[in-house]
Number of protein chains: 2
Amino acid sequence: VPSDSRRLALSAAAGEGVTSDAEVRAWIDERRLRDGLHLERTTFDALPRWSTDPATGDVSHDSGGFFAVRGMDVRRPDGSGWQQPVVVQPEVGILGMVVREIDGLLHCLVQAKVEPGNPGAVQLSPTVQATRSNYTRLHHGATVRHLEHFLPGSGARTVSDSLQSEHGTWFWRKRNRNVVVEVDHALEDGEDHRWLTVGQVQRFLREDDTVNMCTRTVLAGAPLRGGAPAHDEFTDALAAGLAPGARSRHSDAEVRAWFTAARVEAGMESRLVPLGSVQDWVRTPEEVFHRDGGHFRVVAVDVGSASREVHRWSQPLLAPVGVGTAALLARPIDGVLHVLARAAVEPGFRDGVEIGPTVQFTPCPGTPDPLFADVVAAAPARARRFDSVLSEEGGRFLDARCRYQVVEVGEEVPLAEPPGFCWVTPAQLADLLPHAHYADIQARTLVTCLVSLLGAGAGRGRRLRAA
Amino acid sequence: VPSDSRRLALSAAAGEGVTSDAEVRAWIDERRLRDGLHLERTTFDALPRWSTDPATGDVSHDSGGFFAVRGMDVRRPDGSGWQQPVVVQPEVGILGMVVREIDGLLHCLVQAKVEPGNPGAVQLSPTVQATRSNYTRLHHGATVRHLEHFLPGSGARTVSDSLQSEHGTWFWRKRNRNVVVEVDHALEDGEDHRWLTVGQVQRFLREDDTVNMCTRTVLAGAPLRGGAPAHDEFTDALAAGLAPGARSRHSDAEVRAWFTAARVEAGMESRLVPLGSVQDWVRTPEEVFHRDGGHFRVVAVDVGSASREVHRWSQPLLAPVGVGTAALLARPIDGVLHVLARAAVEPGFRDGVEIGPTVQFTPCPGTPDPLFADVVAAAPARARRFDSVLSEEGGRFLDARCRYQVVEVGEEVPLAEPPGFCWVTPAQLADLLPHAHYADIQARTLVTCLVSLLGAGAGRGRRLRAA
């Protein structure tokens, strides 16, 4: 019996499956036309079923569910620190992909999902993307389709299942269950879902703002370690770096020791405080913003659509200021690709530190760019092996776009790591992802981007976008 | 080059190394005679350098370091719950074992360490057992010997290194770094340390109250998966169950899914509260105890010794009421040993749930014994493959003894698991231990006990004790 890893790699190597690229393209375009949203800014007080606590200034849903916007106080070990608004969502959601073998090839049941903060409104999401509020019907909406495959006793076979964090600068200790299950019988796909090969998902990933964050993180947790044969020196090194037991600069134990030490040494402390008391942030009836205009804004929106399928609703959204950069430096070492992992310290993480991209930041006036940002900026186009602008969760964030890049480097980036960095093989990084809280959401997206370079659509650059 | 796993197994299979069993025995006896402690109960107010906060009732060290005794409020999802005292120790300590190859065989540099709460005062501990307070000299004591091998740039090679929890019913989110490093040069061992083979440590583990908790958990994190050849049907199944890729009832992904679901569903919430306000606990000048007399007491002690090497000191200790039971049911399934893992929900865990022994409890009047306690109680002596009373950390707990058992079972314990339980192979369990917070301290001790059944001393029962 071929392993899940082998079967996923075959699906990655495949071009079209039961749905042609043209059909996927037409389906996305049709849904974007039909379900296009219009957002109108409003005041927090005018949001139906959302209230501001007069004592704390916290904004929360009257059901007690969904999420709330509160304040966070952050202290570094030296006592310095800052305060900021933060999105609090204690309930654990499910990000679930159903896969099924059709004509001998694994297919993913992908959803065209509309979310208010999405650039383009509709993006390719996992089969199911549901908070507990969703599936306990707190929003009085329709049942979540295909949710049953992720509930106990469903009979579906688990391929992967772990708790993973989301943005530690915007969320307070948020985590979601990232799940892939396989079913062995036909499902009615319905108009919201299509069966795509892994290779197809990887191809659409090269298109800006098309494959959503949840799909990226769910795929990162699946045992996907290969695809089509390598077609140049870089993909050769990538295939070698993804192979089990690849020759690595550091042993697995050393990588874990590096990570453990980073967690011990970080020592950043954060706690929730009333939103009304956060220093350096200004609140108006319509928004909360930093007095320098940087970081992000919290806004209140009414969401509407011309589509009969989408109902009106209202909610707060966190709107980042500017497009972020998330880049992984990748360097072949003796023919085996290594990526430069960073110990990312973010105040909203449950355990202080997770592995982040080499470079992760949003330019901010008066703040120096982080280490290696210059290497990313100076990289020639041919070295940007992956380069797309992808967006973060559209249910909480408004136009949260980030340029994701895998940048090939050579000896100009030395093997001796500065503090907080560690060269690891893609296999070493990927092997940590079945476990909770090792890698942050941007690093997980970049693992998916990196592995996609062995997919059927790789080597063709950004052709899809031009089509 | 043989792997660490292979080299550790060879050391487990070995009998004596550079130190004979008789020398180890004599060394322990001599240290117990020399460093025997006498504890005198005192009042909290009389503890030098410890203070009770008049507002909260919390007991803490004047340095702000070491640990504090505070209160904890625990709520189940249904709103029911309880309050209790809890030990709060935010700083991360190092539990570190140095290993070295001597005459072709790995040896562990074991310490004979005196701790006030230890039955027998002196037990076999890892090379280094140090809180940050220890090694930053907060206690104005001597430098921690051999600590340098665990600090950055030491040149020692990492064998294993992870953050692990300790008792979630007594500690608030406590964690320690569990480390094994290998050195390639001679060290002065000094009179506090001896070089033992893994097999020797495993043999002394069968003796009551001799191998301390820190040694047990550090060994559990090392890649130790074998030992001497199997000598009966049970150890045959154990060897098969420890082998990589053993045929298991559930796939690795299914085991992780079971664990992930348990974490999501647990939903127990705990928070720190003032010790002075905890309900159902009574405080006198000398102790804090539950009004039913159960659970544990917090006491204040002066520690003295006739030995010139041990200085007087004073501290609070948590003294459990009664001897605990921690048992792992083990059943061969198609010739491959499986153990029945339990999703343990303890209020002091950082993430709500960790894997615990099948049965873990201290008898408490009025509280029914947990599931499978009857199976453990009814097991015949020959089915108790491991059976020793071992004690928990003597630096915080006074006479905290627990009977650790590996109990062989057959078809009387069905394959269909009740909610919260999962049959896993020893390899599946052991493979999770290099990662943080998968298994609790009792489960980790039992992994070490289980693997010891393949050691050189196994099959000889409790002979050492009679000697």
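Mentor: Let's begin with a term we need: a salt bridge is a side-chain nitrogen of Lys or Arg within 4 Å of a carboxyl oxygen of Asp or Glu. Keep in mind too that this is a predicted model.

Trainee: Okay, how far apart are N and O in the salt bridge of B:Arg25 and B:Asp29?

Mentor: The side chains of B:Arg25 and B:Asp29 meet at 3.1 Å, N to O. Both residues sit in helix H2 of chain B, four residues apart, or about one turn of the helix.

Trainee: And is B:Asp29 buried, exposed or partly exposed?

Mentor: B:Asp29 counts as partly exposed because its relative accessibility is 36%. B:Arg25 is also partly exposed, at 23%.

Trainee: Which parts of the chain does the pair B:Arg203 and B:Asp21 link?

Mentor: The closest N and O atoms of that salt bridge, between B:Arg203 and B:Asp21, are 2.5 Å apart. The pair links distant parts of the chain, with B:Arg203 in helix H4 (residues 198-205) and B:Asp21 in helix H2 (residues 21-35) of chain B, 182 residues apart. B:Arg203 counts as buried at 10% relative accessibility, and B:Asp21 is buried at 12%.

Trainee: How many salt bridges does a search of the whole structure find?

Mentor: Over all chains, the search finds 60. One of them joins A:Arg157 and A:Glu182, with the closest N and O atoms 2.7 Å apart. Here A:Arg157 is in strand E10 (residues 157-165) and A:Glu182 in strand E12 (residues 175-183) of chain A, 25 residues apart. A:Arg157 is partly exposed at 30% relative accessibility, while A:Glu182 is buried at 13%.

Trainee: Let's switch to the interface. How many residues of chain B are in contact with chain A?

Mentor: On chain B, 27 residues are in contact with 27 residues of chain A. The two chains bury about 2200 Å² between them, 52% of it on carbon and sulfur atoms.

Trainee: How many salt bridges are there across the interface of chain B and chain A?

Mentor: The rule finds four. Among them is the one between B:Arg350 and A:Asp351, where the closest N and O atoms are 3.3 Å apart. There are also nine residue pairs in polar contact between chain B and chain A, counting pairs with both residues at pLDDT 80 or more.

Trainee: Which elements give two or more residues to chain B's side of that?

Mentor: Those are strand E10 (157-165), strand E12 (175-183) and helix H7 (252-266) of chain B. H7(B) gives the largest share, eight residues. By type, the side of chain B that touches chain A has eleven nonpolar, six polar and ten charged residues.

Trainee: New topic: which residues of helix H6 in chain B are buried?

Mentor: In H6 (residues 233-242) of chain B, the buried ones are B:Phe234, B:Thr235, B:Ala237, B:Leu238, B:Gly241 and B:Leu242. They lie on the same side of H6(B) because they cover an arc of only 155 degrees around the axis.

Trainee: What's on the face turned away, and what covers the buried residues?

Mentor: The face turned away from the buried side of H6(B) carries the exposed residues B:Glu233 and B:Asp236. The cover over the buried residues of H6(B) includes strand E19 (324-333) and helix H10 (441-452) of chain B.

Trainee: Which residue caps the N-terminal end of H6(B)?

Mentor: B:Asp232 does, with a side-chain oxygen 3.2 Å from the backbone nitrogen of B:Phe234.

Methods:
Residues are numbered from 1 along each chain as its sequence is written. Chains are lettered from A and ligands numbered from 1 in the order in which they are written. This is a predicted model: local features need pLDDT of at least 70, side-chain atom pairs count only at pLDDT 80 or more; totals for chains, interfaces and linings use all residues. Side-chain values use heavy atoms; hydrogens and water are left out. Contact means heavy atoms within 4.5 Å. Buried area is the accessible area (1.4 Å probe) that two parts lose on being put together, summed over both. A polar contact is a pair of N or O atoms within 3.5 Å; within protein, one must be able to donate a hydrogen and the other to accept it, and residues adjacent in sequence count only if both atoms are side-chain atoms. Ala, Val, Leu, Ile, Met, Phe, Trp, Tyr, Cys and Pro count as nonpolar, Asp, Glu, Lys and Arg as charged, and the others, Gly among them, as polar. Buried means under 20% relative accessible area, exposed over 50%, partly exposed in between (1.4 Å probe, protein chains only). The arc is that of the directions from the helix axis to the C-beta atoms.
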